[in-house]
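This report covers charged side chains and their partners. The sequence and the coordinates come first.

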Amino acid sequence: MNKKKLLIIDDDPRNIFALVNTLRARSYECLSCLSAEEALVLLETDQIFDAVLIDMMMPDMDGYDAIPLIKKIPSRKSTTIIAVTAQAMTGDKEKCFEAGADDYISKPVDVDKLLVALSKI
């Protein structure tokens, strides 16, 4: 079985550290970016990613702005994008889906829910 490769986009290195260590322990290969702009440059390459986990609230370009740009990249149209956000108010989940996210996980991340979302890729 090939390892699934994930791109984690979050402006907080502590969140990246926690996600990467949790997911690597479950045999996922992880790469990370501290900004959406950095991720967009990486996603324009031919590097393979099975899914993108993106923080929705980041400075400069947030996930709501980045997801439609990721989906416009021809090779990324079908890449699974999971919104990861501390925003858990009524309507926030729907806002993530309207932006183009395929799934939604709230912070603090429930590892079991994240693994269920990742099992779909």
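## Charges over rings

A charge sits over a ring if NZ of Lys or CZ of Arg is within 6 Å of the ring centre and within 35 degrees of the ring normal. Lys95 meets this over the face of Tyr64, at 4.6 Å from the ring centre. The charged end of Lys5 is placed over the ring of Phe49, 5.6 Å from its centre.

The model is predicted: local features need pLDDT of at least 70, side-chain atom pairs count only at pLDDT 80 or more, and totals for chains, interfaces and linings use all residues. Residues are numbered from 1 along each chain as its sequence is written, and side-chain values use heavy atoms, with hydrogens and water left out.

## Asp55

UniProt, in an unreviewed entry, lists Asp55 for "modified residue: 4-aspartylphosphate"; UniProt positions are given in the numbering used here, feature names are shortened, and annotations may be inferred rather than shown by experiment. Asp55 belongs to strand E3 (residues 51–55). Helices (H or I, at least four residues) and strands (E, at least two) are DSSP runs, numbered from the N terminus.

Asp55 has 4% relative accessibility and counts as buried. Buried means under 20% relative accessible area, exposed over 50%, and partly exposed in between (1.4 Å probe, protein chains only). Leaving aside residues up to four places away in sequence, Asp55 touches Ile9, Asp10, Asp11, Gly63, Val84, Thr85 and Lys107, where contact means heavy atoms within 4.5 Å.

## Salt bridges

A salt bridge is a side-chain nitrogen of Lys or Arg within 4 Å of a carboxyl oxygen of Asp or Glu. The whole structure holds 6 salt bridges. One of them joins Lys107 and Asp55 at 3.3 Å, N to O. Lys107 lies in the loop between strand E5 (103–106) and helix H5 (111–118) and Asp55 in strand E3, so this pair ties together parts that are 52 residues apart in sequence. Lys107 is partly exposed at 22% relative accessibility. A network of salt bridges links Asp10, Asp55 and Lys107.

Asp103 bridges to Lys120, with the closest N and O atoms 3.3 Å apart. That pair links distant parts of the chain, with Asp103 in strand E5 and Lys120 in the segment after H5, 17 residues apart. Asp103 is buried at 15% relative accessibility, whereas Lys120 is exposed at 61%. Asp12 and Arg14 also form a salt bridge, their closest N and O atoms being 2.7 Å apart. Here Asp12 is buried, with a relative accessible area of 17%, and Arg14 is exposed at 65% relative accessibility.
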